Amino acid sequence: MAKKATTTFVAETLEPRIYEIGYLLSPAVRDEDLEARVSELKDSLTKLGATFVSEGAPEFIDLAYEMSKIIDNKRVRFNQGYFGWLKIEIDPAQVANLKETLDKNILLIRYLFILAPRENTVLSKKPLGKILKGERTGPTNEGEVPQMAAEEPAEAVEMPADKVEEALDSEIKEMVKEA
Amino acid sequence: MSTQQCYFKSNNIKHIDYKDIEILRKFLTPTGKIQPSKRTGTTKKNQRKLSSAIKYARFMGLLPFIEA
């Protein structure tokens, strides 16, 4: 009896496609480390054979709702994050590996992986950071990484009104004496 | 009977991006629900694209699921 011809789906034979990865980076990442973290993410993608078509720099935004992620058996809640996106061209056979690497990244709160057209489709010129008012408001998130603590200078602490007046008076007196 | 025009057709928008939250907000009710095409005049095809884009934006925390 002749063997039946099997039709198997071989993903490797498919042509590379354009995908978009939208990602939310943890607010625990410091501004100065942001570029390094993004380049680390990009390096992990290039290792899988991805080529970059375009990208949107991460912007600090206020999330529309509280998100939570379990990191080291601990539920961490997020109200803010860095939102950025990357458009890549990659072989569909590598998509499963790519998702695996993204899942392993602890700094990613969430990511969105979708098919996208090559050209830029964002119409609004206003940056997302401005629309969603991405301003650091200090460590409001439960279980937040200590690095995130907003370091306010000691000078920023408000003095009582009477003390301010006294200080001003003494300064004026000193100035008058010098003159 | 007045015929409403599809916003995306009249502005020649072929791809509805989930990052365009200013546009997407126009199609939400004050409570954050997606408005029906009957109300906004979007074509069936664009309504499907729009609802996907809104759902992507919600997932990424750019839009709320429900507005207080």
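Two strands count as paired here if DSSP finds at least two bridges between them.

**View 1. β1 against β3 in chain A of this predicted model.** Strand β1, residues 17–25 of chain A, runs antiparallel to strand β3, residues 74–90 of chain A, and 9 bridges join the two. To get your bearings, pick out A:I21: its bridge partner in β3(A) is A:L86.

**View 2. β2 against β3 in chain A.** Here β3(A) pairs with strand β2, residues 51–71 of chain A, again in the antiparallel sense, over 14 bridges. A handy place to look is A:T51, which has A:E89 of β3(A) standing opposite.

**View 3. The turn between β2(A) and β3(A).** This hairpin leaves 2 residues between its strands. Which residue takes a positive phi in the hairpin? That's A:D72, with a value near 50°.

**View 4. Where chain B touches chain A.** On the chain B side, 16 residues are in contact with 20 residues of chain A. Helices α2 (21–25) and α4 (44–59) of chain B each put in at least two residues, and α2(B) gives the most, with 3. How do the residues on this side of chain B divide by type? There are 10 nonpolar, 2 polar and 4 charged.

Key. Residues are numbered from 1 along each chain as its sequence is written. Chains are lettered from A and ligands numbered from 1 in the order in which they are written. This is a predicted model: local features need pLDDT of at least 70, side-chain atom pairs count only at pLDDT 80 or more; totals for chains, interfaces and linings use all residues. Two residues are in contact if their C-beta atoms, placed from the backbone, lie within 7 Å. Helices (H or I, at least four residues) and strands (E, at least two) are DSSP runs, numbered from the N terminus. Ala, Val, Leu, Ile, Met, Phe, Trp, Tyr, Cys and Pro count as nonpolar, Asp, Glu, Lys and Arg as charged, and the others, Gly among them, as polar.
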